[in-house]
Amino acid sequence: MKRREVITLLGGAAAWPLAAHAQQPERMRRIGVLIPYAADDPEGQARIAAFLQGLQQLGWTEGRNVRIDIRRTLGDTDRARRYAAELVALAPDVILASGTSTVGPLLQATRTVPIVFPVIGDPVGAGFVDSLAGRQRHRIHVA
């Protein structure tokens, strides 16, 4: 084999892992959602629709590059605890919580999965964050 052929072969072999990596599908992300609304509740439907639309606008499509696991507590404390633990066990990348009744059980279930809550009247008073300036206590993000 000539020197040029050897160099070409080695160069091509070195590029195989890069080509294989480029062809691998995008990693599927997972989002857990814990909400107090029933599936047929108009406010709950509107919130989930707005959330999904916002994700879509950012390039996240359910089933293509993100999986969304929704659990509905219906305002039941025991159900909230059970579903919080269930969502954490699914190892999501992040959990979206709606309302004080869902954040508390999530904090009891995890200290490692980031929790995002868009609507909490007084997150400092509820003990979810130390202050609005220091939102990183317990990996919670105030949206």
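Ala 91 counts as exposed, because its relative accessibility is 56% and exposed means over 50%. This residue lies in the loop between α3 and β3, the strand of residues 94–97. Ala 91 is not a glycine, yet its phi is positive, at about 55°. All of this is read from a predicted model.

Leu 74 also has a positive phi of about 55° without being a glycine. Its place is the loop between β2 and α3. Leu 74 has a relative accessible area of 46%, so it counts as partly exposed.

## The chain as a whole

The protein chain contains four helices and five strands. Read from the N terminus, the order is α-β-α-β-α-β-α-β-β. The chain has 143 residues, and 30% of them count as buried.

The chain exposes about 9000 Å². Carbon and sulfur atoms supply 56% of that area.

## Asp 69 and its two arginines

Side chains of opposite charge can pair when their charged atoms come close. The structure holds seven salt bridges. One of them joins Arg 30 to Asp 69, with the closest N and O atoms 2.6 Å apart. This pair links distant parts of the chain. Arg 30 sits in strand β1 (residues 29–35), and Asp 69 sits in strand β2 (residues 66–72). The two are 39 residues apart. Both Arg 30 and Asp 69 are buried.

Asp 69 also forms a salt bridge with Arg 67. Here the closest N and O atoms are 3.2 Å apart. Arg 67 has 44%, so it counts as partly exposed.

## Other charged groups

Arg 81 forms a salt bridge with Asp 78, the closest N and O atoms being 2.6 Å apart. Both belong to helix α3 (residues 77–89). They are separated by about one helical turn, because they are three residues apart in that helix. Arg 81 counts as partly exposed, because its relative accessibility is 40%.

A network of salt bridges links Arg 27, Arg 29 and Asp 93.

## Arg 71 in strand β2

Strand β2 also holds Arg 71. Arg 71 has a relative accessible area of 17%, so it is buried. Its side chain meets that of Glu 86 in a polar contact of 2.5 Å.

Which residues does Arg 71 touch, leaving aside its neighbours within four places in sequence? Arg 71 is in contact with Val 33, Leu 34 and Ile 35, and also with Tyr 83, Glu 86, Leu 87 and Leu 90.

## Aromatic rings

How many aromatic pairs does the structure hold? The count is zero. Tyr 83 still takes part in a ring interaction of another kind: the charged end of Arg 82 sits over the ring of Tyr 83. The distance from that charged end to the ring centre is 5.3 Å. Tyr 83 is also among the residues in contact with Arg 71.

Conventions. Residues numbered from 1 in each chain as written. Predicted model: local features only at pLDDT ≥ 70, side-chain atom pairs only at ≥ 80, totals over all residues. Heavy atoms only, no water. Phe/Tyr/Trp six-rings, centres within 6.5 Å; stacked < 30°, edge-to-face > 60°. Lys NZ or Arg CZ within 6 Å of the ring centre and 35° of its normal. Salt bridge = Lys/Arg side-chain N within 4 Å of Asp/Glu carboxyl O. Buried < 20%, exposed > 50% of the residue type's maximum accessible area, 1.4 Å probe, protein only. Areas by Shrake-Rupley, 256 points an atom, 1.4 Å probe, with all protein chains shown as cover. Polar contact = N/O pair within 3.5 Å; in protein donor to acceptor, adjacent residues only side chain to side chain. Contact = heavy atoms within 4.5 Å.
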